[in-house]
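Hello,

Here is the structure I promised to pass on to you. Have a look at it first, and then read my notes below.

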Amino acid sequence: HEHTVPGELGDPVVQAAEVPEPGAVTIVVPTFNESANVRRLLHLITESVPARLPCEVVFVDDSTDDTPEVIRAAAEDCPFPVTVLHRDEPVGGLGGAVVEGLRAAGSDWIVVMDGDCQHPPSLVPELVATGERAHAGLVVASRYIKGGSRAGLAGSYRVAVSRGATWLTKSLFPRRLHGISDPMSGFFAIRRSAVTADVLKPLGYKILLELAVRSRPRQVTEVPFVFQDRFAGESKSSAQEGLRFLRHLVGLRTASPVARMVGFGLIGATGFVPNLLALGALTAAGMHYVPAEILANQFGVAWNFLLIEHLLFRDRRSHRRWWDRVGRFALLANADLVLRIPLIALFVDRFGMGALSATALALVTTFVLRFVGTEALVYLP
Ligand code: GDD
Ligand code: MN
């Protein structure tokens, strides 16, 4: 009795591994005022999903119109369970809604798609089947591979924005987004076991990007799709959503302590602009350059504070009141300035360094102290 041939004894586990079952799928649909689209969407899903693929649909709704009622009425004609999770406190926007849906999903596979019929439900079985076949954790429906297109992206302005955003995002995360041609897609299938809901910090539209970067599914594949025209109504995206996307990018990019320190330095460097502008204005107005320099420095400090608050420590602000944070931040920034002169003197007198290298070393030293101090004393972990 050497080896048992796999499958010979009818071992159900082995058989399952050899002939992948399609499993079951939970379709998660974020909705914001889509009452004119949801009936059509449910109809298309009913037509698309074959009986052998057990399916449930979870709407995560932040609407202010009657979308939930329309969904419930339409659900009565559906051969699969339909749930509406209405959020009274819509945190995280579209991405936050999707994460709620991921948490509520009961199947091994989850497909996320929009509620306005721009994502063809006919692709749902293929997304899941492709994931099973490739043993993938994530299957992206892409507009940018052969067979896909962005037909429904109305207007050259939106096409240009979408292109630029895709390029920027791919350059910021070359490794995490390797093999994903369309990180901006809102249409994808993900294995429930690949979702690490607790590490996600969704912020706005780009939930696929959030999952790809923070949940890091081990194997990713793509399936082409044609981005359709919106069935009814208008896109809920806006310029404000664009700004939210930039904050999202910075948040993802500065998740590690080292990256955060680099971000802190870059923001600090931009502080020279308001600092010098204020210095120019104050001395032009006749102020002596010493008090002018001290005052101008506060403009740089204020600028840095605002950027650091909103970009770097967005989720770590709640520990202290805002005036407490301003005070501590300003104290550290000015201490930096005061400390620099004696430090340079120390490096020159005690260690015999040249003035230039002593200044450079003092700058680096006070920068690191200021970063560590800001993390520890202004924004507790
Ligand atoms: N629950 C919830 N909360 N749903 C939202 C919210 C929100 O704050 N904002 C938008 N939605 C829903 C909409 O109701 C719709 O079902 C879906 O999310 C997509 O919103 P649209 O407003 O139609 O987005 P879009 O067409 O401009 O953008 C889509 O395509 C882009 C690619 O060009 C989205 O899929 C984007 O993620 C994608 O990048
Ligand atoms: Mn849309």
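**What turned up around the ligand and beyond**

Let me start with ligand 1: the residues of its shell divide into 9 nonpolar, 8 polar and 6 charged. Please keep in mind as you read that this is a predicted model.

Which residues come nearest to the ligand? Of the 23 residues around ligand 1, these are Pro30, Ala97, Gly115, Gly186 and Lys236. Strand E1 (25-31), strand E2 (55-61) and helix H4 (93-104) each give at least two residues to the shell around ligand 1. H4 has the largest share of that shell, with 3 residues.

Helix H2 (residues 38-48) meets helix H3 (residues 67-75) at an angle of about 35 degrees, and their axes are 9 Å apart. The crossing of H2 and H3 is right-handed. On the H2 side, Val38, Arg39 and Leu42 make the contact, while H3 brings Thr67, Val70, Ile71, Ala74 and Ala75. Sorted by type, the residues of this contact between H2 and H3 are 6 nonpolar, 1 polar and 1 charged.

In the model, the chain over residues 264-378 is 85% helix and 0% strand. The end C-alpha atoms of that stretch are 14 Å apart.

Enjoy exploring, and write back with any questions!

Best wishes

Note on methods. Residues numbered from 1 in each chain as written. Chains lettered and ligands numbered in written order. Predicted model: local features only at pLDDT ≥ 70, side-chain atom pairs only at ≥ 80, totals over all residues. Near = placed C-beta within 6 Å. Helix = DSSP H or I, 4+ residues; strand = E, 2+ residues; numbered from the N terminus. Nonpolar A, V, L, I, M, F, W, Y, C, P; charged D, E, K, R; others polar. Axes fitted to C-alpha atoms, helices over the stretch in contact; angles between N-to-C directions. Left-handed = near helix turned anticlockwise from the far one by under 90°. Contact = placed C-beta atoms within 7 Å.
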